[in-house]
Amino acid sequence: MSIAVPDPQIAAHLEPGALSAGRRQRWRELGRELLRQKLFLVGAVILLWWIVAAIFGYQIAPQNPYAQNLTAINLAPSGAHLFGTDNLGRDMLSRVIVGSREILIIAPLATLIGTVLGAALGLAMGYLRGLFDDVLSRFVEAFLALPLVVTGLIAIFAFGRSNTTLIIVIGIVFAPLIARTVRAAVISERELEYIAAARLRGERALYVMAVEILPNVLAPITVEFTVRLGYAIFAVATLSFLGFGVQPPSPDWGLEIATNYGQVTAGYWWEVLFDALAIASLVVAVNLISDGLEAVLER
Amino acid sequence: MVAFFLKRLALALVTLWILSVLVFLAGQVFPGDPARAILGPLAAPQAVAALQRQLGLDRPLLDQYWRWISHLVQGNPGLSYQYQAPIGPILTSALYRSLKLGLLAFVIVVPLGIAGGVVAALNVGRPIDRVISVLGLSMTVVPEFVSGIILILVLGIGLHLLPISASPPAGAGFFTTLKYLIMPAIPLVFVLFGYIARMARAGTIEALSSDYTRTAVLKGLARGLVVRRHVLRNSLLPTITVIATQTGYLIGGLVVVETLFRYPGIGSLVANAATNKDFPMLEAGVLTIGAVYMVATLLADLLFSVLDPRIRVAGAEQG
Amino acid sequence: MSAPSPSPAPAAPALELDGVEISYRVRGRTLAVVRDVSFAVARGESYGLVGESGCGKSTIALAIVRYLAANGRVSSGSIRVDGRDVLALSGRRLRELRARTVSMVYQEPGRALNPTIRVGRQIAEVFELQGLSRREARERAGEMLARVQIADAESVMARYPHQLSGGMLQRCVIAMALAARPSLLILDEPTTALDATVEAEVLDLIAALRQELSTSLLFISHNLGVIARMCDRVGVLYAGEMVEEGPASELFENPRHPYTVGLLRCIPRRGTSKTRRMLDPIPGFLPDPGSRPDGCIFAPRCALARERCRAEPPPLYQSGRARLARCHFHEHAHTLPRSEQAQGEPSAGRPAEQVPLLSAARVSKTFRQAAHQVHALQDVTITLAAGETLGLVGESGSGKTTLARVLLGLTGPDPGGEVTLDGAPLAPLARSRTPAQLKALQIVFQNPDAALNRRHSVRRLIARPLSKLGGYRGEALARRLTELLAAVRLSERHLPMRPVRLSGGLKQRVAIARAFAGDPRLVVCDEPTSALDVSVQAAILNLLVDLQRRQGVSYLFISHDLGVVRYISDRIAVMYLGRLMELGPAERVFSGPHHPYTEALLSAVPSLDGVRRERIRLEGEIPSAANPPAGCPFHTRCHRKLGRICEESEPPLLEVEPGHQLACHIPLAELGREPAAVPIGEHVER
């Protein structure tokens, strides 16, 4: 037994969403809301910079990242080499800039695969329930029992070290994680009466999942995508550091750190610090973006 | 409630079993011929065949799996290739060392994270909240090896405050061990702090805006009392389950941190096994990790059901 | 309700608001949601604040106890409790005020108590605040629980909130609120979430305690009947302004503001039914919160409005002794013309020839829940004819919603039960039924927010069933869409909109259009107006009646609002704990002789048609469906219980007169009837 909503719900009436018109304007409003958040802007700017670096790396870099110069090894940062050189005389700044490319290809692709698979899985599990859901949940749990790094490790071990394997492995490991969140959202949507109304029209399961439920869980799916993207970058970098990610001679940041950190004890800190900072800035940027998106979408 | 627990246990065992199958497939089936992988592409076919027989790889798959799992359950994970020694003791001591490190990280991060989240929630929107939230967020997403390296550079090499190798000398006392372990523990703390603080913050905010908090305030209780007595119990309940799931991230972090600091825990054991193609060690190690995670979640579930009266006491409506 | 004779003390009123304006800051804009509200509650008096959604009544309550949201504030005016300026208090003084002088009781008792602390402890806390030791506080808590008529206080104190029923919880909350003997008790929709019979008990309790403790009450509700019953004086709020004030009895008999007039006319009263007249809704919509028009805020919806009303905001005029009305034409308020809807043709009622359409035979439904089985439905046999409206009433656990779901195929009955349509058996679940069968049975849900897919446009929401169920395509579909829109009085410009942009009433119209898209023969209406404002409710009911007249559709009308059910139904079925207790023509079931449960239910509902001289008290709570009593399920609470026979044998559902079935051991001649109604002013409450 419920009644007309009492006053504390007045805030609901005051949502501008209720008063604005049309689809295009809603997107514009969303955009404006996002831009109003300073942190989101910071994240977006940083990410944009790295995307530019990934695409135009070779043009932007001051020197050839692969050019060895054995007379200029292990030089500290200076005017000629802003980030110093490594033990083969290669310019660190150029390597850092170009090192963004692979990680920015691998991580988003992997996340995309994981999101699509995970969303489909989550929709099916959440809507169909029953034995299907029970059995698949056990598999999902099994995947979740291991940290991503460990699963990535053993999967790369099983299928070989290549970028494609990396993408597919991370994508497949993400799918259950995303499926779990989507499943939860679907289960709560399923209780709402518009689903019962659809069943009373004789709609098939596929129609209900794709046309009725999916539009309503897009917001959590989008947020999951951005959150996982950050984690994908994290994971690729970590796996590269462990030797199971991007393979040499790529100037990938994680790989660079793995190769060079023995040099740290000799005092050549620049061969490791700038790559570390690059990784840190990228993941922080992506997470600021996902936080901002979450705040706006879940309103 | 006992029934609930037993059911969860049964489910966990099923999951563990599925995991063992997956691990077996990944360890011995998919990589192709393990014997050739060990001996290299140039080895003579007879040598490969001999090794295959020795390792029992010429038997049918199901048979191999059965032998492996039945031995495992009895406590015999087999022999390691790289060390040519029983895996059991190596694994156990590695696990023990990892537990020390992990526990240290936990003991630091859990109170810190909860305190941070609660303080942020009590001051929503104000500067301290933003600082804690952004700080937590930034620290969480930085990979452990990145923060680890920065720490090594700054604290270890730059300031010479702490030793950069994590292994204390044999027979070291409690505080010395602590000094050695603290630097590898810190990257783990960084990563976990964000998650825990975020959960605690969200839970506290929700509890603060609930009807029962309103009732408590309107009864005339002082704010401190309201928070301590009414809000915290409800906000911390969901945080407990989250803490358990953090074990997963913790272990992942252990793999990296142990490799970086060259600490012989289970994480670096697994990483090395993968690098050196030590199949039995890899499989046993990964399965152990999975089991540890499940034990942690089970304990968390148990704790949760004990603490939440809605689960502990039957909810039958009574007139 | 006659107040105890007031002590001749010139004490300050318990509550006094003067020119209060409350505003919220939302996204940079400041919106005044309460404007210029003034009223006073004398010592020992019971004052009612009544109004629809958005009128500001709950906001006022929160402002009094200083618990507005962070973005809300009292922008002008003063609030005094016991003579003290509430807005000037802070810290310790404010806490003292909350601890000793003012208490509040809310709508959802389950949420008002901390789920992780035992109930007794939460009540004892109030006493501890007054300085008592733990042990003493506990004793006093126990005494307080006994005072709110909880029999086994000790065991209740040891329980957690989730272990108690709604009625029980509300009593505990009331005990907690009155523990400190406050001079003012604010109640915000305290019984809205409770079943009718439980609500009656709680209201009685509040009235009794008020007498005992001489507490002043500020009673907030949207339910005019409850206000009429519980309050001495009433203030009517509309869109943040007080539009009328006066003694309860006079105000409801003789309203002086067109809004109040309209509101009273919306509510179906005893004596009218759809066959006599259409209901009289208030045209138009509630204004946006915070909007400030030039003239009278009600003018856009008022049939009496003139130029003056639109230009000049009316002040509060004196309209008789102790009466105030914010209307330039308050003396003529009662001449408010009826809306054009009300002048429409009434329904013809039940068709003369009874062609059976849908029937359920021996339908039972048992749910398995952890340890026990819940018997939601027990052996129900019922038939619906074409073109008739069958009203289904019952409280929680009665099984009325489960019955509807079984009929529709959303859940399957236990083996042995059967549902037939036009004589042919229906598959238990919807997914196994033929398209023709699905087409014939549709539903309108209670909550349009959950019932309409919020990401779909109105066009899609209605066009989909048209094509799926009705088989329309292309041109024919477009034409039928336009027809449907006109039938539910929506316009083409609503088509591209999403539900979030529509008001509750408009959303429900979309839901109705959707239900009728496939030309159904039976539409289940599950509390279709319960989530809507009273003024909108009337319009929706008129719409349903109109559609029935034109299309000859049958309704299974489920509602807890007996006034509405009586208005719209041809026949009525009364359910209790999954069983049919009574089934018969509407007027017969209401006027009697009728089943004791029906009798108690009617007696419990507070209505504007007056209060019965003798209210029937039902003992205890509604038993759980997991553990129904042996014999007649109602015997544990029945006021006419015969004796052993009721405890041991379950009475079968028998036809006691043509068309009227009853399940009771008492012979028809000895059963109760509805007493004559007594106008509100002249009753005696005991």
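Before going on, a word on conventions. This is a predicted model, in which local features need pLDDT of at least 70 and side-chain atom pairs count only at pLDDT 80 or more, while totals for chains, interfaces and linings use all residues. Residues are numbered from 1 along each chain as its sequence is written, with chains lettered from A and ligands numbered from 1 in the order in which they are written.

Let's step back to chain A as a whole. Its secondary structure comes to twelve helices and zero strands, where helices (H or I, at least four residues) and strands (E, at least two) are DSSP runs numbered from the N terminus. Along its principal axes, the C-alpha trace of chain A spans about 80 × 45 × 30 Å. Of the 299 residues in chain A, 52% are buried, meaning that 20 or more other C-beta atoms, placed from the backbone, lie within 10 Å of the residue's own.

Back in α6(A), the buried residues are A:Val140, A:Glu141, A:Ala142, A:Phe143 and A:Leu144. They pack against α7 (148-159) and α8 (163-190) of chain A, together with α1 (2-29) of chain B.

That brings us to the interface. The contact takes 38 residues from chain A and 40 residues from chain B, two residues being in contact if their C-beta atoms, placed from the backbone, lie within 7 Å. On the side of chain B that touches chain A, α1(B) gives the most, with eight residues. By class, that side of chain B has 32 nonpolar, eight polar and no charged residues; Ala, Val, Leu, Ile, Met, Phe, Trp, Tyr, Cys and Pro count as nonpolar, Asp, Glu, Lys and Arg as charged, and the others, Gly among them, as polar.

The axes of α12 (residues 270-297) of chain A and α7 (residues 144-158) of chain B come within 9 Å and cross at roughly 140°. Here axes are lines fitted to C-alpha atoms, for helices over the stretch in contact, and angles run from 0 to 180 degrees between N-to-C directions. A:Val272, A:Leu273, A:Ala276, A:Ile279 and A:Ala280 in α12(A) meet B:Val146, B:Ile149, B:Ile150 and B:Leu153 in α7(B). The residues of this contact divide into nine nonpolar, no polar and no charged.

Key: A residue is buried if 20 or more other C-beta atoms lie within 10 Å of its own, exposed if 12 or fewer, and partly exposed in between; C-beta atoms are placed from the backbone.
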